[in-house]
Structures are given as C-alpha cells and as structure tokens.
Amino acid sequence: MDSTSVIIIGAGMSGISAAKTLSDAGVKDILILEATNRIGGRIRNTYFADLSVETGANWIEGVHGEEQNPIWEMAQQLGLRTFRSDYTVEAAIDESEKIHSLGEKYSKTLPPSGRNDISISTFQRLENKIPSTPLEMIVDYYSYDYEFAEPPRVTSLQNTVPLPTFDDFGDNVYFVADERGYKSLVYNLATMFLKTNSQGVIVDPRLQLGKVVTEIQYSGDGATVSTDDTSSYRADFVLVSVSIGVLQSDLIKFNPVLPKWKILALYEFDMAVYTKIFLKFPFKFWPDGDDREFFLYASKRRGYYPVWQHFEKQYPGANILMVTVTDEESRRIEQQDESTTKTEAMEVLRSMFGKDIPQATDILVPRWWSNKFFRGSFSNWPLGVNRHEFDSIKAPIKRLYFTGEHTSEHYNGYVHGAYLAEMEYKEDDHDHGCFYEDQQFWITQMPPIILGKEGAPPTSNIFMDSPGCKADGPHGAPEATSKLLQRRSKKGEGCEGGSITSKEDRDVKVIVAAASKREKGMTREQQHQPQLPRLHACFLSEFQAQTAPMGRHTNDPTVLNSSIALLQERFKQLQRVREMREGRQLQESAFRSQSCDREPPRWLFPGAAPGHHHRRHGEEHVEVQPLDASTSAGSLPRGSIAAQSSVVSNEADVDTSLHL
Ligand SMILES: Cc1cc2nc3c(=O)[nH]c(=O)nc-3n(C[C@H](O)[C@H](O)[C@H](O)COP(=O)(O)OP(=O)(O)OC[C@H]3O[C@@H](n4cnc5c(N)ncnc54)[C@H](O)[C@@H]3O)c2cc1C
C-alpha cells in the first residue's frame, strides 16, 4: 500500500490551494485523489455553439475594494479575459437597496456568536417590507436569490448582510469569458508545484484523476483511503475538500462514523443550487448596449426564469442568452428534458419580446445538483447556524481534516472562499470552546505537519499562532492574502467566546438567564459557561424582535422572565420545525446515496422554508406545511420585466416593466 504524509481528496480550487500550501511549506509528500478526469471541480468551462461558456463559477466577485481579492490578482497575472458586470439599478431596486442598508446596520449590532441571528425575510418583516407583487419579488430575487441561490427566508442576515466578499474586496464583479476558461487559475496554481510535460499537461503522479474515494478509515495515527477501483492509500493525515453536498450524501463512508455533532453541523448548512441555462438563437432580438446586459422577468411564481443576460459584450454576434434559475426551480429543471426547458424559456421570452422572436436552436442545461461529485453549486449560510456550529463543520477529527469553500467563514460559496479556506483557519476563530459531547478542544489536534517543528507556522499561510486574537500575520502568503489576514486579526474578529453545553431540552429560564448575563460582558472563563444553543437563540431572537423596537432588543430580566410562558410555547413550535427540517435533510441524504439516474420522488423537495408564518388573533404562529414540488410546478400566470425594451407582456397580471 502506498503511503504519504497527506492525502487530499478533491482537486477543485480548495484542494489544489491546500496542496500548494503544504508543498510551499516543504511537505512535498502528498497525494491528491480526484474523482473526475479533470481538475477545477466547480470551476468548469465547456463549448456551446462554438464558444467557451462557464457552466460553474463565472464571476470574480469582490474587486477594486479596500483589499485585493487574491483571485483577481491571479486573473490579472494570467491576463484572463474579464468583463465588469454592470448591475445598473432602477428606482424599484433603489428602494430595495434602502432596506438592504438598514439590514446591514442592524446586522452589525448582532453579537458575533450568531445567537441572535435572523433571516433576511425576518428583517424585511420587521421593516414591514415583504415583497409580494411580481415586481417586488423579482427585485428581491435579484438582490438575494441571485447571489445566494436560496430565498431570503432561508438565508442568515448576519452572515450575508453585509457580505464580507463585497465589504472586503469591493463591490465590483467581473465576468470571465476566456477560451482558456476560469479553470486556468486552478491549473496555473497546480502547475506551481506539480510537474507538467512539454505540452503543459500535468503528469505528476501526486495527482491521481478518476479516483473516486469511497471510504476513509481514520484514527489518531493516520488514515487509509479506499477508492472505487479497489486501490487503498495510507497517509498520516487526510484533508477532505469535497463539497458539503457530497459530505451530506453517502458517497464517502467514514470509518468510524463521524461523530453526531459533526454530522448535524454538516446537515445544518445548506448546499444551494444555481443553474445557468444557455440558449443559442439565429439572431439577436434583445436590446443591448451600455447598461443593458441584464433583464429580469417578473412572474407571480417567484424565481421562474427570472434573470437573463446576453453575451454581446463578451462575444459580439454570439446570439446567446443565459438565464439563471436557483433552488427548487433548479431541481425541477434538472429533472426534466431539455426540450421542455426550452419550451418554457421560449414562452417567457415571447411574453417579454413578442411572438415573432426566433426559436432557440440549441440549449445547454448544466446539472450540478444531480451530479454525485457536487450535489449542488455552492454553500449558503442558513438561519440557525451559529458560529459554534460553523466551527463544527470545519473541525478536524483525529487525523481527518476538512477544507472547501463551505469551510471559509467569511467567503463561503465563492472561488476565493475555496482558495482562502484553510488560510482563514486560525486559532482565534475557534476559541469558542467546543464541548459538544464527544467533541473536545480539537484545536490542539492541529497536525504537527502544519504547525511545523517548533509548533509555529512554517512558510505556510495556515495561521495558528494567534492566541487571544493577536496575530503576527501569515508567513509566505500571497500579498493580498497576507494583508487580508492581518487586517482580520487586527479587527479581533472571532474573539467572542461562548461554548455550548446546554442540551436542546434545557429549561428556558436558564437560557434567558444566560442570555442576559452574556450581554453584560463576561470574562472568557465566564463565557465558557453554558450558552444558548442554536435553537433557543433563534427563538429568543424572534421573540425579542416581536417585543422590542427594531435595533433595541431588550435584555431586561423582568421583561424576559415575564415572557417565559410565551417563550416555552415558541420553543415547542420551533423544535417541531427543526425536527421537520432534519427529517427532510435525512430523506434527501438517503436519496442522494441512490443512483442519479433514478427519478427522485417528488416529496423530497418541500419548500425550502421550514414553515410559513401567518398571523392569527394578533399572534404569530408557525405552521409546518411541507410543500409538494408538484403543486408549485404549475403554470401560473406571469408578468414580465424587460430590460431597456419597450416590450411589456400582454398578460393581465403584469405589474410593470422594469428597465435595468
Ligand atoms: C453554477 C455555479 C456557479 C458559481 N458561480 C460562482 C461565481 O460566479 N463566483 C464564485 O466565486 N464562485 C462561484 N461558484 C462557486 C465556486 O465554483 C465554488 O465555491 C468553488 O469552485 C468550490 O471549490 P472547492 O474546491 O471548495 O470544491 P469543488 O470545486 O467541488 O472541489 C471538490 C472536488 O472534489 C471532487 N470529489 C467529490 N467527491 C469525490 C470523491 N468521492 N473522491 C474524490 N474526489 C471527489 C470533485 O470532483 C471536485 O473536483 C459557482 C459554482 C457553481 C456550481
């Protein structure tokens, strides 16, 4: 059996970035096992109508800001062909931006532990701005779903508003349209430490393609990795970089089974689905020119073929349109044939541009969700995952370590998140204490190979020597990365303590007491006393939002204690919601372990929200009503929003026409 120091599972951006970090640190004895026959993972281009189109990551997000996005730096070095996407806004969007700004202000007042987090929708409710007309819904979709691939009722306010990507790296986003593909960044990184032949093909035996890892046996001494071609590899450490969607499936068997806290944390986080559908036409019938790259379709059915983009700037005369769908629409469309999708898309275009437009000659529908090596497109931080639980997602277990975009606390979901994932990994991020049953202070288990001989970081950008939120900065990191991490450590981010020992069934009184104690400012030791479990935090937050004016949550013990009965009632309701949600995730996980070819039962895809809220007798109730996908898949009447076109749908329910 071959034996190496570190096996890295997956050759996407995070796996290659981690391997390079190790290689730079002098750990050359590595082996990368990749299931597919290529590197790049979710960064992938393909040819459609003779043009290179990106079916996965397309934009470099966060450019021209206070910090340099390292991916932008790499793209500049490679001379990658990029185009700034102009999301010029109109009045309706300006209005939504105002609420967004209020959300940013509110979000910044929340404690870093995440215990008072609320969803974006909850914030909108508090501001009495819940989108309901087709126009409001498409604007809302464009602001949130189009970025996070899940609706605002699911998405955590605190972790997405403001979004660290734009806060740190700038508001600009650049669309990659290069024949070499976005993946050339990953390839370039890989060839900095892997051997290539004269044609530039990677021929280094340390990268093994077509190796589907099926089992990882791990212990405190090392690990054995088995692949589907019956090979086995032994290593001192294993670093798993597969997507969180794959970790939520049964593709890889862990032996021993991962601890419960780990499985729960992995299941709590969301793997969102984002699908770009490409359509080729014989000629152009849409408006183009400055500020007219995007157009939106306002339907009564939220997220129905909503965001359209043409390629006239990137590829003049290409006559290609790209429409993006997400979440349930993505799953629905992945399961139907291309001709049905084309018919639906054409119907939408005809309602916007008239009946005389030409039929699309070609269509491309990527299927990231059905692909067992991805199970979705990128992670989204849902409401209800606090800092502690996030830490549990990336926490190592014995000699088993985790990286990937979903482990990047500030940039999860993005290419730069995948690249920076393990570089963000620093002690003060984890100084929360981890007392979940069998979970101990896993930070002390950092592999000596990463710590270096003296326990200090080697020439690596893995960041370890920063007790008490002080840090000297990474060693040997690329310039942009280095500055970023130094700035983060100066800010003292991640300093908030707060371990969680409470069980879910803990008495509400204890929780209320803990909450009010916590607010008064405690020492680190005191902070390691029992704290709010996630669920309790959620409902306390909801309760506070109902009883206190916006941004001025009360922590007055008298007020809180007098409301214990109400809290208990709310807790029971939320407990039920959680059980439903976990039930759904388990069902989905069971399904994912089956063959992709099988048609999934429709009940597997209830509405993404755990329940929907409505008011009765002046009090809010949560009703758990899983939605059947078939009920939402009907053909509801639609309206349209057309970009810079004078076209307005002839359907009666059209709200207005919006020009972007
Ligand atoms: C449609 C889409 C649009 C996106 N748009 C953007 C965007 O515009 N901008 C942006 O910044 N980000 C975007 N992203 C997200 C970005 O692509 C990802 O965050 C990033 O590429 C993830 O890299 P990773 O290394 O963490 O994971 P991956 O790229 O998933 O790498 C993991 C690797 O593990 C391999 N693997 C899986 N299972 C096994 C196994 N059992 N054995 C061996 N190998 C295995 C996979 O084949 C894969 O190569 C998009 C993603 C998608 C899908």
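Tutor: Val213 lies in strand E9; strands (E, at least two residues) and helices (H or I, at least four) are DSSP runs, numbered from the N terminus. This is a predicted model, where local features need pLDDT of at least 70 and side-chain atom pairs count only at pLDDT 80 or more, while totals for chains, interfaces and linings use all residues. Residues are numbered from 1 along each chain as its sequence is written.

Student: Is Val213 buried or exposed?

Tutor: A residue is buried if 20 or more other C-beta atoms, placed from the backbone, lie within 10 Å of its own, exposed if 12 or fewer, and partly exposed in between. Val213 has 24 such neighbours inside 10 Å, so it counts as buried. Contact means C-beta atoms within 7 Å; leaving aside neighbours within four places in sequence, Val213 is in contact with Ile9, Leu33, Val225, Thr227 and Ile252.

Student: Which strands pair with E9?

Tutor: Strands of a sheet pair through backbone hydrogen bonds, either parallel or antiparallel. Here two strands pair if DSSP finds at least two bridges between them. E9 (residues 213-218) and E10 (residues 223-227) are antiparallel, with five bridges, and they form a hairpin with four residues between them. In this pair, Tyr218 stands opposite Ala223. E9 also runs parallel to E12 (residues 253-255), joined by three bridges, and Ile216 faces Phe254 there.

Student: Which residues does the "binding site" annotation cover?

Tutor: The unreviewed UniProt entry lists Ser14, Glu34, Ala35 and Val213; such annotations may be inferred rather than shown by experiment, feature names are shortened, and positions follow the numbering used here. Ala35 sits in the loop between E2 (30-33) and E3 (45-48). Ala35 is buried because 23 other C-beta atoms lie within 10 Å. Beyond its neighbours within four places in sequence, Ala35 is in contact with Lys211, Val212 and Phe373.

Student: Which residues come nearest to the ligand?

Tutor: A residue is near a molecule if its C-beta atom, placed from the backbone, lies within 6 Å of it. Of the 42 residues around the ligand, Gly10, Gly12, Ser14, Gly41 and Ser377 come nearest. Helix H1 (13-24), strand E5 (59-63), strand E14 (274-280) and helix H13 (415-420) each supply at least two residues of the shell.

Student: Where does E5 stand in its sheet?

Tutor: The sheet is open, with three strands in the order E5-E7-E6 and antiparallel pairing. E5 and E6 (82-84) stand at the edges, each with a single partner strand, so one side of each has no neighbour in the sheet. E6 pairs with E7 (residues 172-176) over three bridges, and Arg84 has Tyr174 of E7 as its bridge partner.

Methods:
Two residues are in contact if their C-beta atoms, placed from the backbone, lie within 7 Å.
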